[in-house]
Amino acid sequence: MVRLVFPEAREWRYIIEGLAAIVEEASFVAAPEGLKLRALDPGRVAMVDLFMPPTVFEEYRVEAETKIGVSFDDLVDVMKRAKSGDRLVIEVSGNRLTITLAGKAERKFRLPLLDIAGQELPTPRLNFTAAAKMLSDTFRDALKDAELVAESVRFKAEDETLLMIARSDKGEVETRFSLSEGSLMEIDVKEPAEATYGIDFLDKIVSKAYRVSDIVTLRFATNMPLELTFDVAGGGTLKYLLAPRVE
Amino acid sequence: MVRLVFPEAREWRYIIEGLAAIVEEASFVAAPEGLKLRALDPGRVAMVDLFMPPTVFEEYRVEAETKIGVSFDDLVDVMKRAKSGDRLVIEVSGNRLTITLAGKAERKFRLPLLDIAGQELPTPRLNFTAAAKMLSDTFRDALKDAELVAESVRFKAEDETLLMIARSDKGEVETRFSLSEGSLMEIDVKEPAEATYGIDFLDKIVSKAYRVSDIVTLRFATNMPLELTFDVAGGGTLKYLLAPRVE
Amino acid sequence: MVRLVFPEAREWRYIIEGLAAIVEEASFVAAPEGLKLRALDPGRVAMVDLFMPPTVFEEYRVEAETKIGVSFDDLVDVMKRAKSGDRLVIEVSGNRLTITLAGKAERKFRLPLLDIAGQELPTPRLNFTAAAKMLSDTFRDALKDAELVAESVRFKAEDETLLMIARSDKGEVETRFSLSEGSLMEIDVKEPAEATYGIDFLDKIVSKAYRVSDIVTLRFATNMPLELTFDVAGGGTLKYLLAPRVE
């Protein structure tokens, strides 16, 4: 039996939409140490990794480790019905997931649990040589700019600047982030790094996850995956890992 | 000759949109005792009944009972042009309806009157055993919730609670309204009542009529029609009657 | 070499959208006396005429008269990326136009210059007998009203009123602008004037240009073109000339 209570259903809506950005069906794992979900997108280009410790919940009751298999389309539909101020109760019993949104009226949504095959994904070990922290909104804008001319964007980190460059026949878009001009909050370049990533995935992720956190941390290395981390208010992390494009 | 003046054109826009939710063409009747419209939707599943007494108008001049046949598509288009603060003047003379929206500039819309066949509908006599009053917005939300999983929704009134239950293969949505939790303003159950109604009509009606009044009164009885009443500010009523679905 | 700096990129966005309302490709001319663009729409029904003197720019460096040929579709896409508070830098060097939007992050958009054929258009000499000044918003609303029933609208100026009349089988819409009721700011009728113009062009122009200026000046004469003037804040003018429709 699982029973999780979260004071603000809206925040969960944004987390669920952040997960739905890349996965269609996946299983949460409710374990004594927290609620987890790690999954790949169907094309295996991106991975999402959510961890929510018991402390972020108002009530966290997990008697035994439980898999909660869901369709993210359905879950997003339900979570979109959350109104500001609604409390969220997530319950699993038998083969059924019950989501209660309690505001003025109490609304119970009952969904069948899905049985989703697939083994657990290992924690990736990666050596990132560059890291930068900025407002999620600033990053989101830069992606929309780049999208005007191209489908992929090259990231270059060097000293105290991060460059994003998109280029095609249509033209070229170059965005420069720096500590000095205030577009970066932190930057740490152990070794200059350069890699290219698809804008479609970046945009899908960031256009949802920016609502989970105002701040995003980027980590990457030359021709290696890009990690995007969004911290959930009150504890918890929503992380994405995106494979580079080989040019 | 008919001349009606109403101080806030916007309110009329919402009333007209409320009528247009179920009727395509119909005749208003301007009579000395007030302006009336009673009409069925083309499929004869729902009836709408508007009554606006002379007192809600700034000026109400009706020399003889006059039929005003209109296409609601056209009327909605005109009323959507009303800006906040515009006065509304409705005039009928000869075979022409003139709607004047007077704000900064004075705009006159002249439409041909339609000759709409059909006898007058009698006032339905129904014995409702349950009645509940709530915010229109709360009701509207509950319909949108139910829509996620089903096309019809079962209403159950018992003691001091009203339940709305929608169910299909996709899952189940249950909304509980009660006096104690503040989601109902009044409830009066003479006899427990249970009936099912189509969500499409409920949604069409409520998504427009909630702007006419913040409050809606529901009345129904087991396997009988559902009556929804929206009071117009300053007097006047917009009522709907919706046939039950037999399961 | 051309380098123009403008403090508020958003204002340029509106000007560019105002030009794009009727032209697809055209050349700006950067000359010592200012930045100019005069072009016809592809169907040669409307002309647009922009003039921005050096004084409206923060920096205006034009070494020799330079043609800047652009696709307005592309330019609108870039300018839509401007955020409130962004500075705008326009640079031409070699065969490339560089647009820099500098806010938190600095974004450079580089577009190839287009080589656009066509001789310079002469300044039209017209004798307007009627002129009226009003809020662009009021004019825009009147066009939307007229659009409900017709594709063209007749303008009539007489004494101190301007009438706009649209008429079809669907009905009739008449808007009366006057000094006395406050819908006109100025009117000057040397000789009564009457002419008909297509609503599609008027609407395309005004729905964009109303953001360039709160105020529009209309000038016309019987069966002659209509001139619409929008003054750009700080100097500069965006003018349109629209051919009349013969009834």
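**Stop 1: the interface of chain B and chain C**

Begin by selecting chain B and chain C; seven salt bridges are counted between them, a salt bridge being a side-chain nitrogen of Lys or Arg within 4 Å of a carboxyl oxygen of Asp or Glu. This is a predicted model, in which local features need pLDDT of at least 70 and side-chain atom pairs count only at pLDDT 80 or more, while totals for chains, interfaces and linings use all residues. Residues are numbered from 1 along each chain as its sequence is written, chains are lettered from A and ligands numbered from 1 in the order in which they are written, and side-chain values use heavy atoms, with hydrogens and water left out.

Show the side chains of C:Glu172 and B:Arg96, which meet in a salt bridge with an N to O distance of 4.0 Å. The interface of chain B and chain C also holds eight residue pairs in polar contact, both residues being at pLDDT 80 or more. A polar contact is a pair of N or O atoms within 3.5 Å; within protein, one must be able to donate a hydrogen and the other to accept it, and residues adjacent in sequence count only if both atoms are side-chain atoms.

Next, colour the secondary structure of chain B. Helix H2 (72-79) and strand S9 (106-112) of chain B each supply at least two residues of the side that touches chain C. Helices (H or I, at least four residues) and strands (E, at least two) are DSSP runs, numbered from the N terminus. S9(B) gives the most to this side of chain B, with seven residues. By class, the residues on the side of chain B that touches chain C are five nonpolar, no polar and ten charged. Here Ala, Val, Leu, Ile, Met, Phe, Trp, Tyr, Cys and Pro count as nonpolar, Asp, Glu, Lys and Arg as charged, and the others, Gly among them, as polar.

Select everything in contact (heavy atoms within 4.5 Å): 15 residues of chain B touch 18 residues of chain C. The size of an interface is often given as the accessible area lost when the parts come together. Chain B and chain C bury about 1,400 Å² between them, with 45% of it on carbon and sulfur atoms; buried area is the accessible area (1.4 Å probe) that two parts lose on being put together, summed over both. Highlight B:Arg81, B:Lys104 and B:Arg110, which supply 39% of the area that chain B buries against chain C, more than any other three residues.

Which strand of chain C is joined to S9(B)? Strand S13 (residues 171-178) of chain C is joined to S9(B) by five bridges, and the two run antiparallel. Two strands pair if DSSP finds at least two bridges between them. Within S13(C), C:Glu172 is the bridge partner of B:Arg110.

**Stop 2: the interface of chain B and chain A**

Now display chain B with chain A. The contact involves 17 residues of chain B and 15 residues of chain A, and the buried area is about 1,400 Å², of which carbon and sulfur atoms give 45%. Seven salt bridges are counted between chain B and chain A; in one of them, the side chains of B:Glu174 and A:Arg110 meet at 3.4 Å, N to O. Eight residue pairs are in polar contact between these chains, both residues at pLDDT 80 or more. Helix H3 (136-147) and strand S13 (171-178) of chain B each supply at least two residues of the side of chain B that touches chain A, and S13(B) gives the most, with seven residues. This side of chain B divides into four nonpolar, five polar and eight charged residues.

Select strand S9 (residues 106-112) of chain A: five bridges join it to S13(B), and the strands run antiparallel. B:Arg176 in S13(B) is the bridge partner of A:Glu106.

**Stop 3: strands within chain B**

Select strand S16 (residues 215-220) of chain B, which pairs with strand S10 (residues 130-135) of chain B in the antiparallel sense over six bridges. B:Ile215 in S16(B) is the bridge partner of B:Leu135. S16(B) also pairs with strand S17 (residues 226-231) of chain B, antiparallel, over four bridges. S16(B) and S17(B) form a hairpin with five residues between them, and B:Asn223 in the turn has a positive phi of about 55°.

**Stop 4: C:Glu91**

Finally, centre on C:Glu91 in strand S7 (residues 87-93) of chain C. A polar contact of 3.1 Å joins the side chains of C:Glu91 and C:Arg3.
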